[in-house]
Each structure stands twice: as structure tokens, then as C-alpha cells.
Amino acid sequence: MWNQMLTLHAHVEHRLGTALQRQHGLGLSEYRALELLAGADDGELRMQDLAARLGLNQSSVTRLVSRLNAAGFTYRDLCPEDKRGVYTVITDAGRARHQEARGTYAGTLSTALDEAGQQNALISTLLTTARPLFQ
């Protein structure tokens, strides 16, 4: 069963990444970073908190934030209490891009899960139980 779940995860991640890139010019990690920042107090997170929430190492999140900064979706800000601390802050353009991409993400996720459930009865049962948690 675990292998089936891993296969499902890989399939869904691929579908999400492809849809977001084609329709909004965002990678999946970039979308998820914007999602976290849009939901954060004041639209900002410390870099290490963003890395932890995304499941990325510091080097990877630094590159990701650099791409978001270059696109004008975020900017960096120093922590006022600790000048070594760096925040990533979402911009209005980042909020707009995130809002545009939310429907694509939700629709693609739903479709990919529906397709997986149609192909496997056990996955279907799990998804029926878990689907309310996705919303």
C-alpha cells in the first residue's frame, strides 16, 4: 500500500507542477512558497521557517526565493530584532499570481485524485475518507 501511495504522490505532484508551470509560469515549490507567504502574518516568513515548511534545505529555499524575488513576487527584509535574520515578504504581484494559480492548483489536484481513485479501489476508499481534509 505504501508503494501505491508513493506512486499516487508522484503522479499528483507531476500533474500539479506541469499545470502550474504551463498556466502560470510557477514551479510547484514556488506556488507553495507563495501559498505559505500569503497565509502568514504580515505576508512574511523567516527564511529558515519557509525552508522547514516547504521541506527544503537552506540552499534550495535560497534559490527558490531568488527566483521569486527576480519575478517581483517577493522581496527580502532584515529582521529588526536580529540583523542576521532574513524574511521573505510577498508582494502585491505575488499575491495576485498566487490568487490566479489557486484555482488551477485545486482543480488539478481534484482531477488527479479522481483519476487515481477510478484506477484503484483501495486508493478510492482512502481518498473518500481523506478528501474533506484537503479543503
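Helices, here and below, are DSSP runs of H or I with at least four residues, numbered from the N terminus; His-98 lies in one of them, helix H5.

**Figure 1. Overview of the predicted protein chain.** The model is predicted, with an average pLDDT of 92 over the protein chain and 98% of the residues scoring at least 70. Six helices and three strands make up the secondary structure, in the order α-α-β-α-α-β-β-α-α from the N terminus. Along the principal axes, the C-alpha atoms occupy a box of roughly 55 × 30 × 25 Å. Of the 135 residues, 37% count as buried. Among contacts with a separation of 6 or more, 52% join residues 24 or more positions apart.

**Figure 2. Helix H1 and its cover.** Helix H1 covers residues 2-24, and its end C-alpha atoms are 32 Å apart; this agrees with the 33 Å that its 23 residues should span at 1.5 Å a residue. The buried residues of H1 are Leu-8, Val-12, Leu-16, Gly-17, Ala-19, Leu-20 and His-24. Their cover includes H2, helix H5 (92-119) and H6. Just after H1, Gly-25 has a positive phi of about 70°.

**Figure 3. Helix H2.** Helix H2 (residues 28-39) has the highest mean pLDDT among the elements of the chain, 98. Its twelve residues reach 17 Å from first C-alpha to last, close to the 16 Å expected at 1.5 Å a residue. Leu-28, Glu-30, Tyr-31, Ala-33, Leu-34 and Leu-37 are the buried residues of H2.

Figure 4. His-98 belongs to helix H5. Its relative accessible area is 5%, so His-98 counts as buried, the cut-off being under 20%. Leaving aside residues up to four places away in sequence, His-98 touches Tyr-31, Leu-34, Glu-35 and Ala-38. Of these, Tyr-31 and Leu-34 are among the buried residues of H2.

**Figure 5. Helix H6.** Helix H6 (residues 121-130) has the lowest mean pLDDT among the elements of the chain, 82. Where pLDDT is low, predicted coordinates should not be read in detail. H6 is one of the elements that cover the buried residues of H1.

Note on methods. Residues are numbered from 1 along each chain as its sequence is written. This is a predicted model: local features need pLDDT of at least 70, side-chain atom pairs count only at pLDDT 80 or more; totals for chains, interfaces and linings use all residues. Side-chain values use heavy atoms; hydrogens and water are left out. pLDDT is the predictor's confidence in each residue, from 0 to 100. Helices (H or I, at least four residues) and strands (E, at least two) are DSSP runs, numbered from the N terminus. Buried means under 20% relative accessible area, exposed over 50%, partly exposed in between (1.4 Å probe, protein chains only). Contact means heavy atoms within 4.5 Å. The expected span of a helix is 1.5 Å times one less than its number of residues.
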